[in-house]
Amino acid sequence: MAEEEGPTVELRQRKKPKSSENKESAKEEKINDTPIPERAPKYVLFQRFAKIFIGCLAALTSGMMYSLYLSAYHERKFWFSNRQELEREITFQGDSAIYYSYYKDMLKAPSFERGVYELTHNNKTVSLKTINAVQQMSLYPELITSILYHATGSNEIMEPVYFYVSIVLGLQGIYVIALFVTSWLMSGTWLAGMLTVAWFIINRVDTTRIEYSIPLRENWALPYFACQVAALTGYLKSKLNTSVQRFCYVLINVSTYTFMMMWEYSHYLLFLQAISLFLLDIFSLEQNDKVYEVYKIYILSLFVGYLLQFENPALLVSPLLSLVAALMLAKCLQLNVKKGTCVAKIMKVINFYLVCTLTVTLNIIMKMFVPHRENGHMLKFLEVKFGLNMTKNFTMNWLLCQESLQAPSQDFFLRLTQSSLLPFYILVLVICFLSMMQVIFRRINGKSLKETVTLEDGRIGERPEIIYHVIHTILLGSLAMVIEGLKYIWIPYMCMLAAFGVCSPELWMTLFKWLRLRTVHPVLLALILSMAVPTIIGLSLWKEFFPRLMTELTELQEFYDPDTVELMTWIKRQAPVAAVFAGSPQLMGAIKLCTGWMVTSLPLYNDDDLLKRNENIYQIYSKRSAEDIYKILTSYKANYLIVEDAICNEVGTMRGCRVKDLLDIANGHVVCEEGDKLTYSKYGRFCHEVKINYSPYVNYFTRVYWNRSYFVYKINTVISFQS
């Protein structure tokens, strides 16, 4: 028995090493793949620590210096510290004045809870209208800032306006840091971050509107979106430490939630990001799990935003929710399909068609069952913008005439070319895009991607975070070519992508692989160019643009508007507290901020009723009778009318875009031209006629104040008709 058992034991023992041999070889392969050398691990760790430390220091310094630069420029431009409170507040124009006025209201409230209640049930801003200002105007930045102002004890140190401005300018520093980190993560060198910041500041006219309108929602929101993009870039990287990946995931969550609360149009921007991730996933350029984890964040953000924005229906009918829901449903149909098979390829095509169809279908269904009116004018505007519809509506034509909603001008491209941003952006984008197409064709032909891509391979298109940014920047750029206002979202990422490319050896190596360079060692040349090109760009930018930036800080640009100051002073001293003022929406925003008096309209364009009010009040610059204007103003319980000379006698540079021209078109009061059968009005232009003080205008309106720019008329309650 023992002799018979011996061989069997030996056989078992021979099989065992075979199974363990595979395990040992797999372990050896893992050990060989480990990038940390055995000879000098302390030196490598110190080198990595020094690189990260210097990069973080450079990023923080860049953000702080940019915030200080903006603060100094703002002080020089408006001479802010040497002005009275009223003159400071006048620097907030249009809708910016409305946002800051609610911040003031929160500080005046006896308690935070009472302040929030008054904003959510606000009937002291617009006559005959109770609005939820927090929901309608996305006032969470003002709520948070008012809490911080009291909680930090800043009310004993600085004035409210300085605290408010400092918070926004500080966020711009965070914006720059996030762009720095994103470029650093993509290129592997903090030199790319420095070049990103340089291009961002030099092209400040096209990267931000902070110097013109500080309280704008985009100035609050875009820094958080930049943080989200930086975290998403790190999260999409193929080889990532578990703890780092977890940190990036948490940061994506927090920044997405915050971004959703800061800006009413944030879900549209996230929709473009979701499309980019969907295309990244459809070509199998990234693991499905990571992409679908981001989709879950979108859904949670929409849910939290819906609750915190008082059940805002705009989020339920948003294309983002429809797209993410369609993606989740489509994923359930592909769980049991084996990757790499012919069926899987067919399913990819079906999946793309299915997601597109489901997205449109779900969005239509949601709009059928969810009552909504928000941003409905945007669809009408896009129809007219792309020539799908024609209209003589005043509001639509007025929006089409706005510079920010038109196609970019030639000067825009000239500025980007002079700063060398546009040429390098196009170079980087073309190389990354072509490399991405190579990867897609390899996948279609059944070739698997390499698990570890080295510098010698020259395959930058296999990195998922790069491909995401390429798709995203193409989408943003396409929209910016139609609507110039979107350049403030596109150009910052244009700076980041161009800086990453010129500082990345991998991008140069990809180019050399295509050129089949053999005279010089391509890896060595790629490393040299990734250091030399950004250095040359940086030195040329320093030489040409740094003196201009310093000149901006030394020149004192005094903001002087005595006529508006006199008007606001007269209202505060002479007008009754219960008075209601009517005039252009931009001026009404300033009156609400500087005096606190009630107005008939606001410079906001996300509410149909307010848009209709604006159009009706603008009739004071049309060819309508005194009786018509009187009926319009009294229907809104207005007590005073303010006529602005700048609008009444406007000399517009763009033909047909003056307010009075648009009103004449809407009312049919223009000369017969180009086949239009429009006739003259039998009435003169109201804003001219009311100044002459003759009947019947004096029967309805009594002039009570005037200066070089403004004419204030009291609307008579008792009409005495004169012959």
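Which residues point one way from S3, and which the other way? Tyr640, Ile642 and Glu644 point one way, Leu641 and Val643 the other way, and all are buried. Buried means under 20% relative accessible area, with exposed over 50% and partly exposed in between (1.4 Å probe, protein chains only).

## Basis of the model

This is a predicted model, in which local features need pLDDT of at least 70, side-chain atom pairs count only at pLDDT 80 or more, and totals for chains, interfaces and linings use all residues. Residues are numbered from 1 along each chain as its sequence is written, and side-chain values use heavy atoms, with hydrogens and water left out.

## The sheet

Five strands form an open sheet with mixed pairing, in the order S2-S1-S3-S5-S4. Strand S2 (598–599) and strand S4 (701–706) are the edge strands, each pairing on one side only. Strands (E, at least two residues) and helices (H or I, at least four residues) are DSSP runs, numbered from the N terminus. Two strands pair if DSSP finds at least two bridges between them. Strands of a sheet pair through backbone hydrogen bonds, either parallel or antiparallel.

S1 and S3 pair in the parallel sense over two bridges, and phenylalanine 581 stands opposite tyrosine 640 in S3. S3 and S5 run antiparallel and are joined by five bridges; isoleucine 642 has valine 712 in S5 as its bridge partner. S4 and strand S5 (residues 710–715) also pair in the antiparallel sense, over five bridges. Here arginine 703 stands opposite tyrosine 713 in S5.

## Helices on the sheet

Helix H26 (residues 562–574) packs on the sheet and touches strand S1 (580–582), strand S3 (640–644), S4 and S5. Its direction makes about 25° with that of S5. Helix H27 (residues 585–594) also packs on the sheet, touching S1, S2, S3 and S5, and its direction makes about 125° with that of S3. Axes are lines fitted to C-alpha atoms, for helices over the stretch in contact, and angles run from 0 to 180 degrees between N-to-C directions. Contact means heavy atoms within 4.5 Å.

Why is S3 described as largely enclosed by the rest of the structure? Five of the five residues of S3 are buried, so the strand is given that description.

## Glutamine 228

Glutamine 228 lies in helix H11 (residues 217–236). This residue counts as buried because its relative accessibility is 1%. Leaving aside neighbours within four places in sequence, glutamine 228 is in contact with Ile252, Ser255, Thr256, Leu270, Gln273 and Tyr298.

The side chains of glutamine 228 and threonine 256 are joined by a polar contact of 3.3 Å. A polar contact is a pair of N or O atoms within 3.5 Å; within protein, one must be able to donate a hydrogen and the other to accept it, and residues adjacent in sequence count only if both atoms are side-chain atoms.
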